[in-house]
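Hi,

Here is the structure I promised to pass on. Have a look at it first, and then read on for what turned up.

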Amino acid sequence: MEESLDDSGPLMSLEDFQFDDSDDLDASFSNLSIADDEPRASTPNTDLFPNQIASPTDSPIGGKHHLTPSSKEGGMPKPKRFAIGGKPSGREVAERKANLELLLKKGFILQEGQELSIDCVAAYVGFERGKTFRLTLAVKNAFPDEMINLLRNVQASEEILKQIWSTIVSTNNDGGDVSTMLMDYTRENQKRENHMSILIKLYETEIIRLNSEDTKNHLSTQQKLTIKEEMKVLECVCDKNIRSTGNSSLHSLENISPSIFMEILEEINGKCPMVHDMIEALVISNKVNRNILKTNAHKMVCGLQTLGFISNIRSSKTRNCFPLMFGLLCISYGAGKQFVDMLQSMGLSLHWDTIMSYLDKRLSQFQDLIDECAPVSKPVILLLDNINLYHGNRRHHRLFKTLGQNMWNFTVRGLLIPDLSGIENLFASKETAEEQQRPSDGLTADDTFIETHPEHLQVWKEFQDNFLLQALNTSLNCIPNPTKFYGMNEKEFDLWLKNQDFSTNEKQTFDIKMPKGSVQLDPHCSKSETLILPLSLENNATTTGTAAIIEQFGKEFDVPCDHAKEYMPYDDNSKTFDIAAARSHHQFLASLREHKKEMADTVRQLKDVEKVFEPVPDDSDTELSAGNASSNQQKVDAKFKQVYDNIVKKMWEAHQSNDPEEFIGWLGSHVDDWKHVTDHHKRTLLHAAVEQENMPLVKTLISTGVDINAKEMCGATPLTIAVIKRNEEISCYLLENFAIFDNRFFNTIPNPRDMAAKMEMEVLSIMDNISKQDMATDVDIWQNIEMSEKKEKDIPMNEVQDPTTNEEAYTYSRKNDSCVTLFVGDQGTNKVMRGVRGRSETAYGWCSEVPGDLHAKGYLYEVCKKVMAPGGFMHILQKVLSRYKVNAESFGKRKFQDQNLKRIEEAVRDTGAAFGIAAALEFKQSASFPNEDELRHCKRTTGYHDAILLSKFKEWINTSCEDLTFKYYSQMITLFGPLQQMFTNAVKYGNGVAREASWMLMHPLFAQSNKRNYHTEAMVHILNFVAFWPLGTRKLLRNNCSVSLNGKVGHNIALDEWVESCIVQPMKNYSTGHTTVKMLQRLMANIDIIGKTREAFKSRDAFNVHCTTKHCEQDPIPDQLKAANFILRSRFLQPIPERKSVVKFKDPKMASISSTNIDAYHTGKKKVVENFDRKLFSLFGIMNGKRLNAQEGQNSESDSD
């Protein structure tokens, strides 16, 4: 019987149906299943597809677009793999499946009771017989709603049965015939039972399928428990104790290593094997590494990172290091609060406030870290440099707009914890820990020269000999076919050079042994302990800023900075007191107090702006610059001078008219115009009159009632000035008018009586008589005077503790007055620091500056260029070697920019080596070259040829210096070349003796080239480590003259280079995008952790970002040979005794090179001797062997360039 599925209905619900015979259910379900032998299908819809078999191109999924021009309606080309028998791609399989299902839906409809064989369906769609597996799946996918239709049919049959049963009941009650109705009821009930049987079979099949898939494709309960346990272990593995580094020691930073992710991955492999296998299964599709960058190890690290984030999502209470490190990484690239919080909501980072709390924790506990790393009983080396953060006029930078600044001038600071190995005993004795090595008397210019110091001279001679041996070895053993080296022009030489292979080591003609010097044999290369200190908001380019920084260092490292309560220097030569120095000292203290007050206001304003993010009014004064302060002082002094000159003029006019009463009356009537006028030292008109020794004006002013005991800023009264001026008359007159000289009235300078006694003045007797008469003066009056006196208060600092004088119980302490703490900075920083120390020796005398070697090397190369440039030095670099980036600016003002320092270092190295090679080749052609007998004798006695070659070579050089041209150019092989090598190796190997020797040699060179600032810097530094420093301090710097970042021999960097590369440059990079001072302070306090975090992410063991292929430095030999060939052709080093002058290279006028450049070192020594005494006094206040007062830095000489 044929009827629709809608014509039947059930008798009861599916829930109430009972199964008694499973075999019947199986048989019923077999009628519904679609099998290959007896499929249940539908009749073809011939109206839709009459006599047509669909193809993939007919479906909307594949094929040409319907708007494609007819010229291009051809079939799509088959993929290349079909032509070679390959399999279709996944995309093509999906398209074929979708087209087949679409064809079935369009060609067939589902009807009850209708069945169609699989062969019929296969013939319709074009499938071969026996290959119908895909067709069966397509039929099931095309008609997936069989179960829903069966449920609807069951429900419909039940409704029909209810209606029939209702009719049977009513008909039977009326006595009618119900037989026909019972037959209909039986027939409909049979249809319902058939539907129910098929439906039950479908449910059973589905249940079996689901049970089998659950066992096969889903995790078991035990596996889930195992994964949960391993995730707990993973949380512990991912906790590298990074979040607790805020209050731990320096060594805790080692937890963040470049291989931290690989280490965690290896640990997970051992402790969490299932999690590790999961990561591997998820991220690795092929065990074979085909991508050289995205390797399987790289994929595993990426998977680990993702798993770390999943762990954070699973429980944010875990101390997982991944979210913190990723948050720090984003912040270091300028990420702000909103971006970080968005990452936190995704589980990739911690919350912004949490990260800021972490950064603030270390910043707030930095003092504890300093106390742990650098106790007061241990010497330290402090480092500082200024940092300029330019932010332009961008409108969103509210702070800069508020303060009217485009540049932040702050100071970065660092700490080097020195290695005291071998010198501990020097800090156990006061003589070597606190007392200077030599007394001030007897110091001469010869003490600064290397010839006076045998130890340093020996090291210098070693480097000279090694440099000459390198030149001999290169010229005699490393040049292929050396006979062809001579007589070639530039083109021929370039062609010859191009065909040479310098990588092959041929048999050496001469046995030359290159000995290792003392620098390489005794390196100081243990890994250095360093600490980056918090950012200072002070500007160390100013005097008050540097003073504030020193006091900040003193507070952190427990060194007192108490200013002298009494300061009036006494000059033993002139037998008088220096009132100018006292005024300068107290003016400096007043400026420092004002600066601290203004700085506190500025910091408070910055914090307020950061809180409310609202600019203050533009007319608010935020900071009083040094220029404004100086301008105000000039205005005050100008007004004071005008008033004083006006009064003197009026007095002179009254004297000329013999009418003094008119003058006194004028003074009385204009008392408000002059009585309270002072200059910037707070001097009154009476002070000026006494200082000018104007007795009439002194009497006139006193008669008008001026305060005779008024104090200026330094505490001096008019009587004090009269005593210093040795003016007995004015002193007596002031005493007659009750000028005070009692000690209780003076607390910042000596009282006038003590001064008069020191200067042996007659007025002393008058003061003693007055003291006897006033013995019975009421004590209460003095108490009132002392209470009303506004005493000058020093800047609060820790009280100075007197050092222990018991020699047996001596213990080194930085608090001791004579203990020196080294400060490393550039020339500008050291110059300002000397000025600060000269203004208050008692407060800042514990500081001693050390010049940075990185900057000194740059100026050494500049001196080399300045001396050798007239002889063709720049022509060799630019024209011969084609190094166009090495120009005058790269040796001058741009030497520390754009990698120029590296370029000029290589330029000096290669040029010096080229001159050495050319000299060795000239030596080989000379009669001084050893003959065969001499060479064989040397080989028999020493085993090598280097001894005879070196001695003969040096003898030839000395003899050839009679030629001034040879002497001039030989400076590259006897001075600049070896000096450059010695200075570089001294830093790389941490050899303090070689470093001191380098400074001794650079000192005359700076003097000869008029590099006044570095001439001063070198002289101060040499005198410090030769005489003024204690022996322990000198040895301390010797052992710690450079920083070893990794403990590798020969990889040290200079102290100032560490500041520049590890603090300044990272700080500039990390601060990009951040606009608040608080954020900059956070970054500086955590710059080492942030740096290690970035290194961990960028390392080869992690994500390999910005990687560079490991390469070797280009062989310098070809360039050195090319320059040597030019030197030979130019006959620079060919000895010609007749040449008595040196002509400038390619000068049309044939002018001669200055004689000062022909022998730069000895010319510089003469200048040092000439200026030594003057500089010794201006820098140290030492004259005739006695230390006097000298305001260091007051009249500092500036660099001539």
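Does Ser-882 count as buried, partly exposed or exposed, and what is its relative accessibility? Ser-882 counts as partly exposed, at 36% relative accessibility; the cut-offs here are under 20% for buried and over 50% for exposed. Keep in mind that this is a predicted model. Ser-882 sits in the loop that runs between helix 36 (873-880) and helix 37 (888-891). Its phi is positive, about 55 degrees, although Ser-882 is not a glycine.

Glu-760 is another residue to look at for its backbone. Phi of Glu-760 is near 55 degrees, again a positive value in a residue other than glycine. You'll find Glu-760 in the loop between helix 30 (752-759) and helix 31 (763-773). Glu-760 has a relative accessible area of 71%, so it is exposed.

Now for helix 21. Helix 21 is mostly covered, with eleven of the 14 residues buried. Among the buried ones are Ile-549, Ile-550 and Phe-553, and the list also includes Glu-551 and Glu-556. Just after the helix comes Asp-558, which takes a positive phi of about 60 degrees.

Helix 35 gets the same check. Its 16 residues (853-868) should span 22 Å at 1.5 Å a residue, and the end C-alpha atoms are 22 Å apart, which agrees. Helix 35 is mostly covered too, with 14 of its 16 residues buried.

On to the strands. Strand 2 (residues 407-417) and strand 3 run antiparallel and are joined by six bridges. Across that pairing, Gly-414 stands opposite Ile-532 of strand 3. Six of the eight residues of strand 3 (529-536) are buried, so strand 3 is largely enclosed by the rest of the structure.

Last, the surface. Phe-339, Met-342 and Met-346 make a nonpolar patch of about 290 Å². Of these, Met-346 belongs to the loop between helix 13 (337-345) and helix 14 (352-364). Met-346 has a relative accessible area of 46%, so it is partly exposed.

Cheers

How values were computed:
Residues numbered from 1 in each chain as written. Predicted model: local features only at pLDDT ≥ 70, side-chain atom pairs only at ≥ 80, totals over all residues. Heavy atoms only, no water. Buried < 20%, exposed > 50% of the residue type's maximum accessible area, 1.4 Å probe, protein only. Helix = DSSP H or I, 4+ residues; strand = E, 2+ residues; numbered from the N terminus. Patch = residues over 30% accessible without salt bridge, like charges linked within 9 Å, V, L, I, M, F, W, Y side chains within 5 Å. Areas by Shrake-Rupley, 256 points an atom, 1.4 Å probe, with all protein chains shown as cover. Salt bridge = Lys/Arg side-chain N within 4 Å of Asp/Glu carboxyl O. Expected span 1.5 Å × (residues − 1). Pairing = 2+ DSSP bridges.
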